[in-house]
Amino acid sequence: MTDYKIEYDYELDKKVDIKIKHHINKYCKEIEQKILSNIKCFKKFRVEYVNFDNDKQLAVYINGTEEYPIIGLDIKAHIEAIGEQKWFMALFTALETSILHELAHAIQQYKGKEFNEDEAENFAYDYSKFGIINKI
Ligand SMILES: [Zn+2]
């Protein structure tokens with residue numbers, strides 16, 4: 001999986017706003033320091049920007065990349081999902097929650113567990129809302 005490129009499976013979004021990219025880069029560093037350094041698993045992951053070809057999907061964890069997880073994010077789908085709340089904070093919160101959710105799937109796979117949606121959802125919610133790092 002080390003030679004894997006997300007564009008094999010998804011269309012890359014090359015027009016993502018630089019402010020969004022900066023925020024996401026900063027957030028990923030925070031996650032590495034505050035979450036990944038405290039648990040026994042991979043220490044780094046990366047986010048790629050993609051356009052899913054359906055309106056429903058917001059993000060994806062690339063199955064099998066658990067040594068250095070790759071997460072795909074669809075920014076336009078997030079903007080649509082937050083609807084009227086077009087300010088950046090609502091968008092950032094939605095993006096952060098998606099990253100945490102997909103990261104939880106990467107941790108599940110790294111630890112040899114089954115993918116579990118409830119566990120991933122709770123992991124994302126508890127950290128973004130309360131700063132609590134759930135054990136996976
Ligand atoms: Zn999921």
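Mentor: We may begin with handedness: helix 2 and helix 3 cross in a right-handed sense. Please keep in mind that this is a predicted model.

Trainee: Which quantities describe a pair of packed helices?

Mentor: In general, the angle between the two axes and the distance between them describe such a pair. Here, the axes of helix 2 and helix 3 come within 10 Å and cross at roughly 120 degrees. Helix 2 is therefore oblique to helix 3.

Trainee: Which residues of helix 2 and helix 3 meet?

Mentor: From helix 2, the residues are H78, I79, A81 and I82. They meet A90, L91, A94, L95 and S98 of helix 3.

Trainee: How many helices and strands does the chain have, and in what order do they run?

Mentor: There are 4 helices and 4 strands. Starting at the N terminus, the order is β-α-β-β-β-α-α-α.

Trainee: What radius of gyration would a compact globule with 136 residues have, and what does the chain have?

Mentor: A compact globule with 136 residues would have a radius of gyration near 14 Å, and the chain agrees because its own value is 14 Å. The C-alpha trace spans about 35 × 35 × 25 Å along its principal axes. As for burial, 26% of the 136 residues count as buried.

Trainee: Which residues touch the most other members of the largest nonpolar core?

Mentor: That core has 25 residues, and I71, L73, L100, L103 and A104 touch the most other members. Two or more residues each come from strand 2 (46–51), strand 3 (59–61), strand 4 (70–73), helix 2 (75–82), helix 3 (88–110) and helix 4 (117–130). Helix 3 gives the largest share, 8 residues.

Trainee: What is L103 in contact with, leaving aside its neighbours within four places in sequence?

Mentor: L103 is in contact with I31, F45, P69 and I71. For the chain, 58% of the contacts with a separation of 6 or more are between residues 24 or more positions apart.

Trainee: Where does I136 lie, and is I136 buried, exposed or partly exposed?

Mentor: I136 lies in the segment after helix 4. A residue needs 20 or more C-beta neighbours within 10 Å to be buried; I136 has 19 inside 10 Å, so it counts as partly exposed. Not counting residues up to four places away in sequence, I136 touches A104, I107, Q108, K111, E119 and F123.

Trainee: How far apart are I136 and Y49 in sequence and in space?

Mentor: I136 and Y49 are 87 residues apart in sequence and 26 Å apart in space, C-alpha to C-alpha.

Technical notes
Residues are numbered from 1 along each chain as its sequence is written. This is a predicted model: local features need pLDDT of at least 70, side-chain atom pairs count only at pLDDT 80 or more; totals for chains, interfaces and linings use all residues. A nonpolar core is a set of buried Ala, Val, Leu, Ile, Met, Phe, Trp, Tyr and Cys residues joined through C-beta atoms within 7 Å. A residue is buried if 20 or more other C-beta atoms lie within 10 Å of its own, exposed if 12 or fewer, and partly exposed in between; C-beta atoms are placed from the backbone. Two residues are in contact if their C-beta atoms, placed from the backbone, lie within 7 Å. The radius of gyration is taken over C-alpha atoms; the globule rule is 2.2 Å times the number of residues to the power 0.38. Axes are lines fitted to C-alpha atoms, for helices over the stretch in contact, and angles run from 0 to 180 degrees between N-to-C directions. Angles under 35 degrees count as roughly parallel, over 145 as roughly antiparallel, 65 to 115 as roughly perpendicular and the rest as oblique. A crossing is left-handed if the near helix is turned anticlockwise from the far one by less than a right angle, and right-handed if clockwise.
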